[in-house]
Amino acid sequence: AASDVYKRQLFLCITQSWYVKTLLDACSSVLTFQAPPEIRGSLVAVQQLSITFGIMVSFWVCFIYVFSK
């Protein structure tokens, strides 16, 4: 029974992480196409850093949530 709960929580963490990353990619790619050429590189760098940071945060939240019980 405990392994079923663990599998379900792990599945939810992975699914939510993928969903948030997909939404961030879609929003930020549209934003970079509409931005002036002078700041496009900066926006892409911020996009990549925010995606990496979001993955890191989702990993630690899932890690703490799953292994705290």
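Analyst: A residue is called buried under 20% relative accessible area, exposed over 50%, and partly exposed in between. The model shown here is predicted. In this model F59 has a relative accessibility of 47%, so F59 counts as partly exposed.

User: Is I14 buried or exposed?

Analyst: I14 belongs to helix 1. Because its relative accessibility is 54%, I14 counts as exposed.

User: Which residues form the nonpolar patch on the surface?

Analyst: The patch includes Y6, L10, I14, F59, W60 and F63, among others, and the accessible area of the whole patch is about 1,200 Å². Helix 1 (2-34) and helix 2 (40-67) are the elements that each give two or more residues to it. Helix 2 supplies the largest share, 9 residues.

User: How many aromatic pairs does the structure hold?

Analyst: There are 3 aromatic pairs in the structure. One of them joins F59 and W60, with 5.1 Å from centre to centre and 75° between the planes, an edge-to-face arrangement. Planes over 60 degrees apart count as edge-to-face. The planes of W60 and F63 meet at 80°, with the ring centres 5.6 Å apart, so this pair is edge-to-face.

User: Where do W60 and F63 lie?

Analyst: Both lie in helix 2, 3 residues apart, which is about one turn of the helix. W60, at 45% relative accessibility, counts as partly exposed, and F63, at 37%, is partly exposed. Together with F59, these residues form one aromatic cluster.

Terms used
Residues are numbered from 1 along each chain as its sequence is written. This is a predicted model: local features need pLDDT of at least 70, side-chain atom pairs count only at pLDDT 80 or more; totals for chains, interfaces and linings use all residues. Side-chain values use heavy atoms; hydrogens and water are left out. Patches are made of residues with over 30% relative accessible area and no salt bridge: like charges are joined within 9 Å, nonpolar side chains (Val, Leu, Ile, Met, Phe, Trp, Tyr) within 5 Å. Accessible areas come from the Shrake-Rupley method with a 1.4 Å probe; for residues, only the protein chains shown count as cover. A salt bridge is a side-chain nitrogen of Lys or Arg within 4 Å of a carboxyl oxygen of Asp or Glu. Helices (H or I, at least four residues) and strands (E, at least two) are DSSP runs, numbered from the N terminus. Buried means under 20% relative accessible area, exposed over 50%, partly exposed in between (1.4 Å probe, protein chains only). Rings of Phe, Tyr and Trp (its six-membered ring) pair if their centres lie within 6.5 Å; planes under 30 degrees apart count as stacked, over 60 as edge-to-face and the rest as tilted.
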